[in-house]
Amino acid sequence: MPGHTDWWKKGVFYQIYPRSFLDTTGNGIGDLQGIIEKLDYLNDGTPNSLGIDAIWFSPFFVSPDLDFGYDVADYCAIDSRYGSLQDFDRLLAEAHRRNIRIMLDLVVNHTSNEHSWFKESRSTRDNPKRNWYIWRDGRGPRHKPPNNWKNNFFGPAWTWDEATGQYYLHSFLKEQPDLNWFNPAVREAVHKVIRFWLERGVDGFRLDVAHLYCKDEQFRDNPPFIHRLKQIHRMPFWDRPLAVNIFQLLELPELQDKIYNKHHPETHRILKEFRRIFNEYPGTTSIGEVISENPAVVASYYGASDDELHMNFYFALTQCRWKAGAFRRSVARRESGFPASAWPAYTLSNHDITRAISRYGRKGQEDARARLLALLLLTLRGTPFIYYGEEIGMKEAKLPRSALKDPVGIKWFPFHRGRDGARTPMQWNGGKHAGFTTGEPWLPIGPEAEKRNVAVQEKDPASLLSFYKRAIHLRRSLPALQEGSYTVVTAGVPRDCYVYARELHGVRLAVALNFSKGRRKCDLGPAPACYRVLLSTDPRRKAETVTGPLSLEPLEGCLLQLEAGKRSN
Ligand code: GLC
């Protein structure tokens, strides 16, 4: 799509989980036609629509759906339940017509066990594709697994294949065998996949678990978990919510620090090859799902000379406690721990984690907190990623065990309900099944759909959806928000508030966020100055000019602009 090649730095991304967006066939799962019908909702070129610039689609390729699309059986075909390649081309054209870019999910650490590559690979030991996956003999006379590696869901990373008498490696389910990325033929095959979609006109890729591609070639045993405990809390544990700390502890039964099956140096070479292909198609972008507690490790995936991924998610932001200081410190670690050229990407939620509104839910404060988070997300220095439904305050659903579909929820510890609660159908209206389907939805509708839906909120200028629209459209009109510098303001700011400035070409914006339940006064620095309120999370605040400290209502956040010529120094 023509236009600026760095559009992705300025734009707002929206993640769609296609299965849950809009079903037009009545089979209970979303489809491509449903997405096409809702493109105007996402961006019709006017401030009446949400105004996003790009969509990241979770996978809709052919898949037996053991991990709901993250187990791909054919990378170049659309699963017939979602539509066809023709539908995809139409979706792409319709999106581009509205200046919406399209980013696909590239899930190539592993394939489905139903992919023809794996079927061939497992057929005989001398099949030409045998070495496309990672096969090993068992250890000792009792054929024990080749080493102690665990997968990232639960249980061993090796599964014995009776037919050919060897184990194969899988970082997730046994139905998701890992590709052997040391094999040049695998690289070539994936390059073809990338080119297939770039030739069709897609604008970028999200790279699923990009830090896992290559594993230790000597297949050494991972050391015990205690090693990890020593270095795990680079983010101080008091900055993390209790749930996150407990989650880390839950990994204890795995009793190992997975150092030998992630962040292998060879992975960087693979990403450099990808980048060279992306560069052949100007305007293409990429973002890595790279998971590490260590910012320097995540930073390394941008490449020393900006020659790997264009962006990497900064997941630490999703792990902050509800404390102004926790968010401020987390952003400070991102700002100082990464080279200046490594463009930030922030998100609050995705299909793998509890929805932010529920993660931070306190009775009576959920919506105010959601607004504050929205303002933070849309005003930080970096590209914001919104998860579908976040803009209407969709909550995490507490589903009965019988309704669960996610293998993580079903197979994990009995009290772990997996990720389905964050994947429930988009709530379009207050009608039956929230307007998502005329059939039976694949997952139940989430809570409070009668008020957390698009139709109701579109009519209400004080709704969360209206707030998102205003914030996104303001962001578009303010280059300082898209490209300006970020400086934190601490002088004259109470501990439970977070204030920062964004500046570009003499335009200074200030963002002031009150994380507390009380009224607070914040300096916006450098005092004294005169600021104009551009946006507040509190719909009752009128456009006004502020001199001296800004008074914030409980849980209020404001975006302000320094009035020209009114700065004192
Ligand atoms: C990524 C995806 C997740 C999936 C896993 C295995 O983490 O986000 O949904 O289960 O990879 O592909």
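**Figure 1. Packing of helix H4 against helix H6 in the predicted model.** Helix H4 covers residues 85–97 and helix H6 covers residues 184–200. Their axes lie 11 Å apart and form an angle of about 55 degrees. H4 and H6 are therefore oblique to each other. On the H4 side, the contact is made by Leu85, Phe88, Asp89 and Leu92. H6 contributes Phe196, Trp197 and Arg200. Five residues of this contact are nonpolar and two are charged, while none is polar.

**Figure 2. The largest cavity of the predicted model.** The model has four cavities of 30 Å³ or more. About 90 Å³ of space lies in the largest cavity. Its lining consists of 13 residues. Nearest the centre of this cavity are Ala356, Ile357, Ala370, Glu390 and Tyr468. By class, the lining divides into nine nonpolar, two polar and two charged residues.

**Figure 3. Helices around the largest cavity.** Helix H12 (356–359), helix H13 (366–379) and helix H16 (464–477) are the elements that give two or more residues to the lining of the largest cavity. The largest share comes from H13, which supplies three residues.

**Figure 4. The second largest pocket of the predicted model.** This pocket holds about 320 Å³ of space. Its lining is made up of 15 residues. Trp7, Lys10, Asp53, Arg101 and Arg476 lie nearest the centre of the pocket. The lining contains five nonpolar, five polar and five charged residues.

**Figure 5. Helices at the second largest pocket.** Helix H1 (7–10) and H16 each supply at least two residues of the pocket lining. H16 gives the most, with three residues. Helix H16 is also among the elements that give two or more residues to the lining of the largest cavity.

**Figure 6. Domains of the predicted model.** The protein is divided into domain 1, domain 2 and domain 3. Domain 1 is made of the segments 7–111, 183–220, 238–244 and 260–472. Domain 2 spans residues 116–169, and domain 3 spans residues 485–562. The centres of domain 2 and domain 3, taken over C-alpha atoms, are separated by 57 Å.

Technical notes
Residues are numbered from 1 along each chain as its sequence is written. This is a predicted model: local features need pLDDT of at least 70, side-chain atom pairs count only at pLDDT 80 or more; totals for chains, interfaces and linings use all residues. Side-chain values use heavy atoms; hydrogens and water are left out. Axes are lines fitted to C-alpha atoms, for helices over the stretch in contact, and angles run from 0 to 180 degrees between N-to-C directions. Helices (H or I, at least four residues) and strands (E, at least two) are DSSP runs, numbered from the N terminus. Angles under 35 degrees count as roughly parallel, over 145 as roughly antiparallel, 65 to 115 as roughly perpendicular and the rest as oblique. Contact means heavy atoms within 4.5 Å. Ala, Val, Leu, Ile, Met, Phe, Trp, Tyr, Cys and Pro count as nonpolar, Asp, Glu, Lys and Arg as charged, and the others, Gly among them, as polar. On a 1 Å grid over the protein atoms alone, a cavity is a set of points where a 1.4 Å probe fits but cannot get out, and a pocket is an open set with protein on both sides within 12 Å along at least five of seven lines; lining residues have an atom within 4 Å of a point. Grid points are joined across faces, edges and corners, and a volume is the space filled by probe spheres set on the points. Domain bounds come from an automatic or database domain assignment.
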